[in-house]
Amino acid sequence: MLAKRGFVSRIHRKKPKGRPLPERIRIANARKSKVRSAVEHVFAHQGLMGLIIRTIGLARARVKIGLANLAYNMRRFVWLQGRSAPG
């Protein structure tokens with residue numbers, strides 16, 4: 001269904017019960033995880049920050065999400081700067 005619509009599947013394949021995961025599928029899952037983990041990391045961090053949208057109106061919700069993203073980006077920037085600083 002995805003290929004018919006011009007999409008590439010990014011869905012992980014499950015390990016068969018009682019058997020090891022075939023090497024080809026293991027490599028494909030690892031490749032998909034590289035992209036997926038980078039995206040999911042942001043959402044996981046927002047959950048740790050206690051980001052719960054309980055506002056009336058879209059404008060307030062957008063501002064709250066925007067401020068959370070700004071805080072995440074600043075924290076990430078500081079972390080990246082610390083990693084690249086000469087030791």
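A crossing of two helices is left-handed if the near helix is turned anticlockwise from the far one by less than a right angle, and right-handed if clockwise. In this predicted model, the crossing of helices H1 and H2 is right-handed.

Two packed helices are described by the angle between their axes and the distance between the axes. Helix H1 covers residues 23-48, and helix H2 covers residues 58-84. The two pack at an angle of about 110°, and their axes lie 11 Å apart. Angles of 65 to 115 degrees count as roughly perpendicular. H1 and H2 are therefore roughly perpendicular to each other.

The contact draws on residues from both helices. H1 contributes His 41, Val 42, His 45 and Gln 46. H2 contributes Asn 69, Tyr 72 and Arg 75. By class, two of these residues are nonpolar, four are polar and one is charged.

The length of H2 was also checked. At 1.5 Å a residue, its 27 residues should span 39 Å. The C-alpha atoms at the ends of H2 are 38 Å apart, which agrees. The buried residues of H2 are Ala 61, Ala 68 and Tyr 72. H1 is among the elements that cover them. Tyr 72 also belongs to the contact with H1.

Gln 46 lies in helix H1. Its relative accessible area is 9%, under the 20% limit, so Gln 46 is buried. Neighbours up to four places away in sequence aside, Gln 46 touches Leu 51 and Asn 69. Asn 69 is one of the H2 residues in the helix contact. Gln 46 and Ala 71 are 25 residues apart along the chain, and 9.6 Å separates their C-alpha atoms.

Ala 68 is part of helix H2. With 6% relative accessibility, Ala 68 counts as buried. Beyond its neighbours within four places in sequence, Ala 68 is in contact with Met 49 and Leu 51. Ala 68 and Met 49 are 19 residues apart in sequence, and their C-alpha atoms are 8.1 Å apart in space.

Met 49 sits in the loop between H1 and H2. Another pair involves Ala 59. Met 49 and Ala 59 are 10 residues apart in sequence, and 20 Å apart in space from C-alpha to C-alpha.

Terms used: Residues are numbered from 1 along each chain as its sequence is written. This is a predicted model: local features need pLDDT of at least 70, side-chain atom pairs count only at pLDDT 80 or more; totals for chains, interfaces and linings use all residues. Side-chain values use heavy atoms; hydrogens and water are left out. Axes are lines fitted to C-alpha atoms, for helices over the stretch in contact, and angles run from 0 to 180 degrees between N-to-C directions. Helices (H or I, at least four residues) and strands (E, at least two) are DSSP runs, numbered from the N terminus. Angles under 35 degrees count as roughly parallel, over 145 as roughly antiparallel, 65 to 115 as roughly perpendicular and the rest as oblique. Contact means heavy atoms within 4.5 Å. Ala, Val, Leu, Ile, Met, Phe, Trp, Tyr, Cys and Pro count as nonpolar, Asp, Glu, Lys and Arg as charged, and the others, Gly among them, as polar. The expected span of a helix is 1.5 Å times one less than its number of residues. Buried means under 20% relative accessible area, exposed over 50%, partly exposed in between (1.4 Å probe, protein chains only).
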